[in-house]
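These are my notebook entries on one chain.

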Amino acid sequence: MRPSDPWGRLKVLKNRHNGSYTWQVIAGSATLGLVVAAGAVLAAGPWDNGQRKAERALAVAADRTGGAHHGRPTPDGPRPAPSAPAVLPALGTTTHDAPRDAAALRDTLAPLIGAPGLGDKVAASVIDTATGKQLYGSGATTPMTPASTIKIATATAALSALGPDHRIATTVALSPDARTLTLVGGGDPTLSRAALRSMAADAAKALREDGEDGADPAGPVRLAYDTSRYTGPVLHPIGPNENIAPVTALMVDEGRLNDTDRGPAKRTDDPAGDAARAFAAQLKKAGVKVTGTPREARPADESRTVATHRSAPLAALVERTLTNSDNDIAEALARQTAIAKGESADFAGARRAVTNELKKLKIPVTGAHLADGSGLDREDRVTPALLTALLARAADPDRPGLRPVLTGLPIAGFSGTLGGRYQDGSEGTGLIRAKTGTLNGVNSLAGTVVDPRGRLLAFAFLASGSLSATEAEPALDALATALARPTAE
């Protein structure tokens, strides 16, 4: 619903003689303005694992459980969401309602799991996250191509290995003779041109401090760039593609050649070189004379760091990865996990690191093959039971650091890759949070839903052999929606 206009009533309180506000109205407006401003500041922050503390406290206090639709407030206004149970229960709380009856749920899902639109092979798992009990399983331990639902595994492993507050650093190193600056990539695909501008200003300041008169940089400098933090081939096995840039430790805006920040886009074939050239341009604007063209090289021994930019916290990167199905960040998370676990920062090392981290979390990895971090590789294999176990770990009150895996899931009909699904009138709108997965002939959906008993369920539906996503996606959505609907028991 549109936010109310706190000034609406005051606009009509004008002096009838000359149309100006009376001093009482002016005083009241000023007072109200201070109250509104103070309230906005209090409501705004701070962030905690992807959720504002104030917003979370307000949601818990409200505890709305109705299901009434309140109607459209104005003819041209947006359609409001119906009030409904919380998509996730308040953190740290448990329900005392009895678990859902597995037999009744099986009867509900059985006819839906055989929908022709899902293709010739479907596997599913539904569990109660509080108990870990499987309520429904159909090929739950069958390895399937997961498409982008594998990002749930990548994100969970990264949070487990690095923690939600970890930030990826990009630095600038100055050689001992103050003649060479090196832009050192740390693996942050979200590095922006604004960040380059800030680092260039810091580097220019350091050079001025080295100058004799303290006003101008100490002579011209050469520029190098270092991508050695990642190893192995930079091209994903699918080859050049609008869904992912070359995987390198240095890039700007995910190597996109337009102003988008999500979805397919034309990508540069030299993201590291482009980043270095963009940094050189910013250095020149900051008053630094750069000679020659940037070259790839590591910093000289005993170089000192003169500028640093740190990415958003890992919690925020995970949420962005899952909400938008961001392939570039997903591959970065996999490599960051590999670095943290002492593995090589390439596809093979990331596979070993993520798999071992899942084992550490006691996730059933039998039959799993994590060929990449994004799910673009058709060689990926996971089971529905693996995905639901991951979601249950993220819901565990004893593992708050994994919570961004849940808060990052798209909301049915509202956000991310589910924003265009669950259209008007769908029972699942606003109630289901789930990661989508789509490749040619492969469609998947894995996430959470609060059932009518108030229990948080985790589900994973993996399908292959479908003729089109337009047929498979509604069938998957129907399965998830059925979990939110009462069953006859």
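**Entry 1: Met 251.** I located Met 251 in the loop between strand E7 (221–226) and helix H6 (271–285); helices (H or I, at least four residues) and strands (E, at least two) are DSSP runs, numbered from the N terminus. The model is a predicted one, in which local features need pLDDT of at least 70 and side-chain atom pairs count only at pLDDT 80 or more, while totals for chains, interfaces and linings use all residues. Residues are numbered from 1 along each chain as its sequence is written, and side-chain values use heavy atoms, with hydrogens and water left out.

Is Met 251 buried or exposed? I found Met 251 buried, with a relative accessible area of 4%; buried means under 20% relative accessible area, exposed over 50%, and partly exposed in between (1.4 Å probe, protein chains only). I then listed what Met 251 touches, not counting residues up to four places away in sequence: Asp 188, Pro 189, Leu 191, Ala 245, Pro 246, Pro 271 and Ala 275. Contact here means heavy atoms within 4.5 Å. I also noted Gly 186, 65 residues from Met 251 along the chain, with 9.6 Å between the two C-alpha atoms.

**Entry 2: nonpolar cores.** I looked up the nonpolar cores, each a set of buried Ala, Val, Leu, Ile, Met, Phe, Trp, Tyr and Cys residues joined through side-chain atoms within 4.5 Å. The largest has 46 residues, and Ile 152, Leu 358, Leu 387, Leu 390 and Val 405 have the most contacts inside it. Helix H10 (residues 384–395) gives the most to this core, with 8 residues. For Leu 358 I recorded contacts with Ala 153, Ala 157, Ile 363, Val 365, Leu 370 and Leu 390, leaving aside residues up to four places away in sequence. A second, separate core has 30 residues, including Leu 191, Leu 196, Leu 250 and Leu 283. Leu 191 is also among the residues that Met 251 touches.

**Entry 3: an antiparallel sheet.** I traced an open sheet of 5 strands in the order E4-E3-E12-E11-E10, with antiparallel pairing; two strands pair if DSSP finds at least two bridges between them. Strand E4 (134–138) and strand E10 (432–439) stand at the edges with a single partner strand each, so one side of each has no neighbour in the sheet. Neighbouring strands of this sheet are turned by 5 degrees against each other on average, direction ignored. Axes are lines fitted to C-alpha atoms, for helices over the stretch in contact, and angles run from 0 to 180 degrees between N-to-C directions.

How many bridges join strand E11 to strand E12? I counted 9 between E11 (residues 442–450) and E12 (residues 456–464); among the pairs, Val 450 has Leu 456 in E12 as its bridge partner. Helix H12 (residues 469–483) lies across strand E3 (121–128), E10, E11 and E12, and runs at about 20 degrees to E11.

**Entry 4: positive phi.** I checked two residues other than glycine. Ala 178, in the loop between strand E5 (169–174) and strand E6 (180–184), has a positive phi near 60 degrees and counts as buried at 10% relative accessibility. Glu 302, in the loop between strand E8 (290–296) and strand E9 (304–310), has a positive phi near 65 degrees but counts as exposed at 75%.

**Entry 5: totals.** Of its 489 residues, 47% count as buried.
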